[in-house]
Amino acid sequence: MAESLFTPAAAGVFRLAQEQALRLGHSYVGSAHLLLALVSQNGSAGQILKGFGLDATVTEDMTALLYGKGTAKLPIPQGLSSDAKQILRGAAREAMIQKKRQIRPRIFGVRRRRAWQENVC
């Protein structure tokens, strides 16, 4: 059986992001859903985000404010947004840089920080 690109924890983040998108009635999984999924978990990535003052309730409220709310539980025909795909590609590159065989949830945040630093500097 082929090894998954994602650790079980990272795959769980994507499943949770999809559940969050469905619950909010969005037809795609975007970067806000990934952030919401990460901050909702108690893993290292969630703890780091919480350390910066993020919490699931505020993140969900901001996601609903920015992107609206649709009809919950509709299918997600559009799949991943372009931002979410960019995060996924960046996480895969970051895993290669770190010589990891799989993407871990914490790598999502590391890649976003590195991209931000590249754009700012």
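Biologist: Which residues of helix H2 are buried?
Modeller: This is a predicted model in which local features need pLDDT of at least 70 and side-chain atom pairs count only at pLDDT 80 or more, whereas totals for chains, interfaces and linings use all residues. Residues are numbered from 1 along each chain as its sequence is written, and side-chain values use heavy atoms, without hydrogens and water. H2 is mostly covered, with seven of its ten residues buried (under 20% relative accessible area; exposed is over 50%, partly exposed in between; 1.4 Å probe, protein chains only). Within this helix (a DSSP run of H or I, at least four residues; strands are E, at least two; numbered from the N terminus), the buried residues are Ala32, His33, Leu34, Leu36, Ala37, Leu38 and Val39.

Biologist: Which element has the highest mean pLDDT?
Modeller: The pLDDT is the predictor's confidence in each residue, from 0 to 100. For the protein chain its mean is 80, and 84% of the residues reach 70 or more. Among the elements, helix H6 (residues 105-120) has the lowest mean, 62, while the highest, 90, belongs to helix H2 (residues 31-40).

Biologist: Is Thr63 buried or exposed?
Modeller: Thr63 is a residue of helix H4, which spans residues 56-67. Because its relative accessible area is 4%, Thr63 counts as buried.

Biologist: With which residues is Thr63 in contact, leaving aside its neighbours within four places in sequence?
Modeller: Contact requires heavy atoms within 4.5 Å. Two of the partners, Ala32 and His33, are themselves buried residues of H2. With sequence neighbours within four places set aside, the contacts of Thr63 are Leu24, His26, Ala32, His33 and Gly68.

Biologist: Why does Val58 count as partly exposed?
Modeller: Val58, like Thr63, lies in helix H4. Val58 is placed in the partly exposed class because its relative accessibility is 47%.

Biologist: What is the angle between the planes of Phe6 and Phe14?
Modeller: The structure holds one aromatic pair (ring centres of Phe, Tyr or the six-membered ring of Trp within 6.5 Å; planes under 30 degrees apart are stacked, over 60 edge-to-face, the rest tilted). Phe6 and Phe14 form this pair, 5.3 Å centre to centre, and both residues are buried. Their arrangement is tilted, with an angle between the planes of 55°.

Biologist: What share of the contacts with a separation of 6 or more joins residues 24 or more positions apart?
Modeller: The protein chain has six helices and zero strands, and 38% of its 121 residues count as buried. Of the contacts with a separation of 6 or more, the share from residues 24 or more positions apart is 61%.
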